[in-house]
Amino acid sequence: MTTTEIRKIIADSEYSDWLNSVNLQIVYPHLDFDQTLTGFSSIFKFLEQQIDGWSKFGENIPNELKASKKQFSNFKTRLENYINAYVINQNYNESQLNSYWNSEKNQIQNNKTLFVYDSPQSEFLIKIHREVPKYYSGAYNFVMGNYNVSNKDSMIGHILAYEFELKDYTELTKRRNKEKSSIGRLRNDFRNQLSESETQLSEHLKSANVEFDNYTQKIDDLKTEKETNFDDWFVKSKKEFSEFDNSSKEKITDLEHTYEELLRLKKPAEYWNQRATKLNKEGWKAIYWLIGLVAFACVTLYLLLWLTPDGMLLSFIKGQASAIKWSIIYVTFISFLAFGIRALNKVAFSSFHLARDAEEREQLTYVYLSLIKDSAVDEKEKSLIMQSLFSRADTGLLKGDSGPAMPNDISTKIFGGN
């Protein structure tokens, strides 16, 4: 488990505030090392740095320093187990976490004989161990405060350690002590700043995770909203398209049916148009003949009444045969004129009547087509219209003249389309 993973666990934990507030004071008097670490990630990073730092020295280091490396590794393992058991699984409340943590913290704090990898004493002892190992024991005892001198090598080791600690009162010694003290303060300040940075980093990670979760939730909500809108739009569009498709098909069917009816009725409509024109011409021709015949009758009557000689009337009174004969001939002539006038009158008005009937049939045809287009005609009405269109019209030439209606089955077969 790495420090990065620890930070993520803390950021996601419901105990993140408590984990960022725990502290651990590490004091090693023999190294003049005193540092307080705040925040679980800061403590874990310190242990990780110590393990990595000791690993850089390799295996050629004193056993006492190897023991420090091992202890730091054990502390790190215990903290990982603590995280897994009490934080990740979240089987305990905050008070229980605090109780277990105090137990772990005391075990770390009570061991005051360890060495940190970056202390001057550690580097000094490693150098003595590698260059003059026989003096290492005396130097180590001096650093740890054990001043028992049993032999020459132990004495020299003490002297080397004494010179390293610079316990003299020379000006050079004071200067070097001050520089050493200054470096020690800088190191402690750096460690304290590092601990504070770890705490701030954990807090920022927690805040970033909360914002990320909120942002992710907003994205999910937006996605859900857009999917819902898209589904609604798709269903609505599909319904509208289906309705449009069905409506279009119905309109196409109606137009096809109307076009078929138009093809069927186009020739009859043209015939009725031509027929109306022809009948109008025939009617006017009969009118002209009628006018002429009436005029001729009027002229002859005028001539008879105003230009007939006086002797003709006396001959008729006397009963002369010639006068009676010419009278009969004139009466017969007038009768033929009257019959001709009556016949021309019937022909003229019959022609106009048939022309008007043809025009009305033509207009009724177009009205019928428009009604079919709007689907406003059922089968019964269609049959009645067909009978009206194709029944024979009353000419008016004969009394009681009327045309027979077209049979329903024939009109349905010809114009019903079924």
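Contact here means heavy atoms within 4.5 Å. By this criterion, Y28 touches F33, F72, N111, K112, L114 and V116, not counting residues up to four places away in sequence. The model is predicted. Y28 also belongs to the largest nonpolar core, which holds 44 residues. Within that core, Y28, F40, F46, F72, W101, F115 and L125 touch the most other members. Helix α3 gives the most to this core, with seven residues. In soluble globular proteins, nonpolar side chains tend to be buried together.

The protein chain as a whole contains 13 helices and two strands. Its length is 418 residues, of which 30% are buried. Contacts between residues at least 6 apart in sequence were also examined across the protein chain. Of these, 69% join residues at least 24 apart.

Helix α3 spans residues 40-56, and helix α1 spans residues 3-12. Their axes come within 9 Å and cross at roughly 170°. An angle over 145 degrees counts as roughly antiparallel, so α1 is roughly antiparallel to α3. On the α1 side, the contact involves T3, I6, R7 and I10. On the α3 side, these residues meet F40, S41, F44, K45 and E48. Four residues of the contact of α1 with α3 are nonpolar, two are polar and three are charged.

F44 lies in helix α3 and is buried, with a relative accessible area of 0%. Its partners, not counting residues up to four places away in sequence, are M1, T2, T3, I6, K76, L79 and E80. Two of these, T3 and I6, lie on the α1 side of the helix contact. K76 is 32 residues from F44 in sequence. In space, the two are 6.7 Å apart, C-alpha to C-alpha.

The crossing of α6 past α8 is right-handed. From α6, the contact draws on P120, Q121, F124 and I128. From α8, it draws on L160, A161, F164 and E165. By class, six residues of the contact of α6 with α8 are nonpolar, one is polar and one is charged.

Conventions:
Residues are numbered from 1 along each chain as its sequence is written. This is a predicted model: local features need pLDDT of at least 70, side-chain atom pairs count only at pLDDT 80 or more; totals for chains, interfaces and linings use all residues. Side-chain values use heavy atoms; hydrogens and water are left out. Axes are lines fitted to C-alpha atoms, for helices over the stretch in contact, and angles run from 0 to 180 degrees between N-to-C directions. Helices (H or I, at least four residues) and strands (E, at least two) are DSSP runs, numbered from the N terminus. Angles under 35 degrees count as roughly parallel, over 145 as roughly antiparallel, 65 to 115 as roughly perpendicular and the rest as oblique. Ala, Val, Leu, Ile, Met, Phe, Trp, Tyr, Cys and Pro count as nonpolar, Asp, Glu, Lys and Arg as charged, and the others, Gly among them, as polar. A nonpolar core is a set of buried Ala, Val, Leu, Ile, Met, Phe, Trp, Tyr and Cys residues joined through side-chain atoms within 4.5 Å. Buried means under 20% relative accessible area, exposed over 50%, partly exposed in between (1.4 Å probe, protein chains only). A crossing is left-handed if the near helix is turned anticlockwise from the far one by less than a right angle, and right-handed if clockwise.
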